[in-house]
Amino acid sequence: MSTSSQSPSAEYVVIGAGLAGSSAAWRLAQRGHEVALLERKVPAADDASSHGSARIFRYAYPNQLYTDLVVQAGKAWDELEEASGSQLINPCGSADYGPLRNPRQLAGILENAGVEHELLSAAEARSRFNGINFDTEVLWHPGAGVLDAERTVQAMVAQAKAHGAQVETQWPVASVEKTATGYKVISTDGRTYLASKIIVAAGGWLPEILGNLPLPTGFVRSVPTMDVYQENAYHFPYRDQNPEAIQAWPTYIHKDPAFKSYGLPGGRDANFRGQKVAEYMAGRRMDTASQQNGQIDPANRERVIEYVKKYLPGLEPTPYAETTCIFSSTPTEDFIMDEADGITILSPCSGHGAKFGPLLGTLAADLATGARETPELFRLASHAKVMA
């Protein structure tokens, strides 16, 4: 693409340097494309969805497509770890249980995907993991673990740079305009960047930027309403601080009609002292991530503490650390990956998108370049059918 004397340019401009955007920039640059990655603050910013060191990597899904994609993602994680020379996933296994989790159905899906797993009775699971008070049959799969989101973003940004991508930090995007040869991306302070094609990976900021993109009206109207939450997460210390006892703690997902919870070993940013525990989709609902205030909801804290007392006897029921994070989701909890007129919307909702990190860029690059169609479930037409 020709270069303006006033504005830098690239063949592809990626908006947002979280897990999705940094992955897209890496994969496009890896294929030899000219790429610029524009980030509102810094990659894996503290107030966005890809910060911190603890996200769940797991295979268990009630939809075969997602489990199959995790299998593909596992190979992409191996590639990224080799390229970066660092371990990004710490294996610890995962336990899925609760009346709404349907461990037996999940076991069938893992069987179809060739993923190692076991079905345990509640008593067997309590014997194996005595810090958790399981109340139903349990699906155990040892290949799950904890991924370091921040270091993963940093690794993918480094790989994007190594393949020639330009990375611009402190570059908040206000709007995109159509030009005779492509697009002009405009920052909140008036700076501009020229592009032939655009990939928008704005996470919880998508709702506010969507109306400032030169997209067909019908396309914009078909984007499902995003639920954006300021989620609360708490770190509870292990009662047994013996290193072997700590290493025995798995990740878990527990879905009960009265309370949906997930937990995982807390990672380096919580000093590895305890389990990160949260109530699923229970934070303050917002129109966009820019409305967050970073304040913990006291009522939510009390609910989670009561949950820990009842279901997690291996933890001290007083959190030693707590945080908020941005959680975005479509009504169906399915990803959005679609394209119109050279603009790709990439929204692998942060509630469960992290585990696909290094694969997201492959899917986005395939869609943006026309190399391969994205899974139909992620297209806007599929979202519209479900919501009709």
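User: What does buried mean here, and what is the relative accessible area of Ser23?

Analyst: A residue is buried when its relative accessible area is under 20%. The model is predicted. In it, Ser23 has a relative accessible area of 0%, so this residue is buried.

User: Where is Ser23 found, and which residues does it touch?

Analyst: Ser23 is part of helix H1, residues 19-30. Leaving aside residues up to four places away in sequence, Ser23 touches Gly18, Met156, Gly357, Pro358, Leu359, Leu360 and Gly361. With Gly361 there is also a polar approach: a polar atom of the Ser23 side chain lies 2.7 Å from the backbone nitrogen of Gly361.

User: How should I read the pattern of buried residues in a helix, taking H3 as the case?

Analyst: Start from the geometry of the turn. An α-helix has 3.6 residues a turn, so residues three or four places apart point the same way. In H3, residues 103-113, the buried residues are Pro103, Leu106, Ala107, Ile109, Leu110 and Ala113. Down the axis of H3 these fall within an arc of 165°, so they line one face of the helix.

User: What does the face of H3 turned away from the buried side carry?

Analyst: That face carries Arg104, Glu111 and Asn112, which are exposed.

User: How are the axes of H2 and H5 placed?

Analyst: A crossing is read from an approach and an angle. The axes of H2 and H5 (residues 149-162) come within 10 Å and cross at roughly 70°. Angles of 65 to 115 degrees count as roughly perpendicular, so H2 is roughly perpendicular to H5.

User: Which residues meet there, and how do they divide into nonpolar, polar and charged?

Analyst: From H2 come Trp77, Leu80, Ala83 and Ser84; from H5, Thr152, Ala155, Met156 and Gln159. The contact of H2 with H5 has five nonpolar residues, three polar and no charged. Met156, one of the H5 residues in this contact, is also among the residues that Ser23 touches.

User: What is the phi of Met281, and where does this residue lie?

Analyst: Met281 is not a glycine, yet its phi is positive, about 50°. Met281 lies in the loop between strand S16 (274-279) and strand S17 (284-286). Its relative accessibility is 22%, so Met281 counts as partly exposed.

User: What is the phi of Asp341, and in which loop is its place?

Analyst: Asp341, not a glycine either, has a positive phi of about 55°. Its loop runs between strand S19 (336-340) and strand S20 (343-347).

Conventions: Residues are numbered from 1 along each chain as its sequence is written. This is a predicted model: local features need pLDDT of at least 70, side-chain atom pairs count only at pLDDT 80 or more; totals for chains, interfaces and linings use all residues. Side-chain values use heavy atoms; hydrogens and water are left out. Buried means under 20% relative accessible area, exposed over 50%, partly exposed in between (1.4 Å probe, protein chains only). Helices (H or I, at least four residues) and strands (E, at least two) are DSSP runs, numbered from the N terminus. The arc is that of the directions from the helix axis to the C-beta atoms. Axes are lines fitted to C-alpha atoms, for helices over the stretch in contact, and angles run from 0 to 180 degrees between N-to-C directions. Angles under 35 degrees count as roughly parallel, over 145 as roughly antiparallel, 65 to 115 as roughly perpendicular and the rest as oblique. Contact means heavy atoms within 4.5 Å. Ala, Val, Leu, Ile, Met, Phe, Trp, Tyr, Cys and Pro count as nonpolar, Asp, Glu, Lys and Arg as charged, and the others, Gly among them, as polar. A polar contact is a pair of N or O atoms within 3.5 Å; within protein, one must be able to donate a hydrogen and the other to accept it, and residues adjacent in sequence count only if both atoms are side-chain atoms.
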